[in-house]
Amino acid sequence: QTVNVILVGVNDISASSFSIYPNPSTGVFSLTTSAVMGYESNITVYDLAGKLVYTGKLEGNEVNVIDLSAQEKGMYIMQIIVEDNVYNKTLIIQ
């Protein structure tokens, strides 16, 4: 009997491992992150002036909810930090 084992390491994670929806939204985003489960993962969100508007840790859930509804309409940059790797996503609040 043959058993195939696939190991996913932090180097196998790419920006496409994250899905943010709906985007644009009114400020509440769902972030799907199944590829980073088990890793130290943090989220930071900045406005376009570089001001930090949100920080948090990714929970072990496959879907994490990010509530930015108190922020003004506009474009924001979300940084997803997994171990020593940084992945950027653009968010739009309508």
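Predicted model: local features only at pLDDT ≥ 70, side-chain atom pairs only at ≥ 80, totals over all residues.
## Overall make-up

The protein chain contains seven strands and zero helices, and from the N terminus on its elements accordingly read β-β-β-β-β-β-β. Of the contacts between residues at least 6 apart in sequence, 53% join residues that lie at least 24 apart.

## The four-stranded sheet

Four of the strands form an open sheet, in which the order is β4-β3-β6-β7 and the pairing is antiparallel. The edges of this sheet are β4, covering residues 52-57, and β7, covering residues 85-93, each of which pairs on one side only. From one strand to the next, the twist averages 20°.

As a general point, the strands of a sheet pair through backbone hydrogen bonds, and the arrangement may be either parallel or antiparallel.

## The pairing of β3 with β6

Strand β3 spans residues 41-47 and strand β6 spans residues 74-82, and the two run antiparallel, joined by seven bridges. Across this pairing, Thr44 stands opposite Gln79 in β6.

## Burial and surface

The protein chain has 94 residues, of which 31% are buried, where buried means a relative accessible area under 20%.

Technical notes:
Residues numbered from 1 in each chain as written. Heavy atoms only, no water. Buried < 20%, exposed > 50% of the residue type's maximum accessible area, 1.4 Å probe, protein only. Contact = heavy atoms within 4.5 Å. Pairing = 2+ DSSP bridges. Axes fitted to C-alpha atoms, helices over the stretch in contact; angles between N-to-C directions.
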